[in-house]
Amino acid sequence: PIVNLVPVPPDEKVTAVLPVSDMDNHACSLLFVSKQGLVKRTSLGAYKNLRSGGLIAAGVADDDELIIVRLVEQLQGDLMLLAHKGQSIRFDLAAVPEYSRTARGNKGMKLDDDDFIVDALLVPSETDAPAMDEEEEEEEEIDEAEDTDESEVVDPETLEEPWEST
């Protein structure tokens with residue numbers, strides 16, 4: 001258990017454990033996302049001087065909690081926040097400002113009172129995506145050609161007979 005290696009106060013919990021090989025890499029940062037939609041980045045170098053009692057990684061309000069921590073190696077691509085009720089937002093990762101360790105961050109998504117963030121995805125930009133070779137491109141063209149099924153989404157309330165589950 002991680003609590004045998006790192007002293008964790010009883011009112012706190014470990015959100016993430018990330019393997020890092022170079023703490024002096026100034027191009028890397030940590031991305032923090034809270035349950036209420038706050039987002040911030042902090043330079044990885046801000047965490048290299050650890051104390052035996054630990055240090056504050058991110059400021060969090062009493063009615064909020066840190067739920068996601070990701071290692072960001074490049075500021076290319078987008079950040080996508082996903083909420084419990086199905087709402088989502090996607091924006092440029094470079095738009096997330098870099099703050100000090102104790103800062104709370106910026107509002108990444110406005111949520112209803114009873115909604116909360118469930119995940120945050122780092123979406124690579126199109127230039128970061130691996131290039132397809134000729135064989136993969138041919139397979140994709142075949143798949144697109146076979147996809148001729150014309151279907152539509154229908155509201156079940158507009159159907160003449162009510163839909164029944166079995």
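## Model and confidence

The model is predicted: local features need pLDDT of at least 70, side-chain atom pairs count only at pLDDT 80 or more, and totals for chains, interfaces and linings use all residues. Residues are numbered from 1 along each chain as its sequence is written, and side-chain values use heavy atoms, with hydrogens and water left out.

pLDDT is the predictor's confidence in each residue, from 0 to 100. Its mean over the protein chain is 78. Of the residues, 73% reach 70 or more. Confidence is lowest in helix α1 (residues 134–146), with a mean of 63. It is highest in strand β4 (residues 78–83), at 93. Helices (H or I, at least four residues) and strands (E, at least two) are DSSP runs, numbered from the N terminus.

Strand β1 spans residues 29–34. Buried means under 20% relative accessible area, exposed over 50%, partly exposed in between (1.4 Å probe, protein chains only). In β1, 6 of the 6 residues are buried, so the strand is largely enclosed by the rest of the structure. Ser 29, Leu 31 and Val 33 cover one side; Leu 30, Phe 32 and Ser 34 are buried on the other.

Two strands pair if DSSP finds at least two bridges between them. β1 runs antiparallel to β2, joined by 5 bridges. It also pairs with β3 (residues 66–72), again antiparallel, over 6 bridges. Ser 29 stands opposite Ser 43 in β2, and its bridge partner in β3 is Val 72. The β1–β2 hairpin has 3 residues between the strands. There, Gly 37 takes a positive phi near 95°.

Ser 43 lies in β2 (residues 38–43). Ser 43 is buried, at 15% relative accessible area. Its C-alpha atom is separated by 7.9 Å from that of Ala 27, 16 residues apart along the chain.

Arg 41 is also in β2. At 7% relative accessibility, Arg 41 counts as buried. Its side chain reaches the backbone oxygen of Val 96 at 2.9 Å. Arg 41 touches residues including Leu 75, Leu 93, Pro 97, Glu 98 and Tyr 99, not counting residues up to four places away in sequence. Contact means heavy atoms within 4.5 Å.

## The open sheet

3 strands form an open antiparallel sheet, in the order β5-β4-β7. β5 (88–92) and β7 (117–123) stand at the edges with a single partner strand each, so one side of each lacks a neighbour in the sheet. β4 and β7 pair over 6 bridges. Leu 81 stands opposite Ala 120 in β7.

Notes. A polar contact is a pair of N or O atoms within 3.5 Å; within protein, one must be able to donate a hydrogen and the other to accept it, and residues adjacent in sequence count only if both atoms are side-chain atoms.
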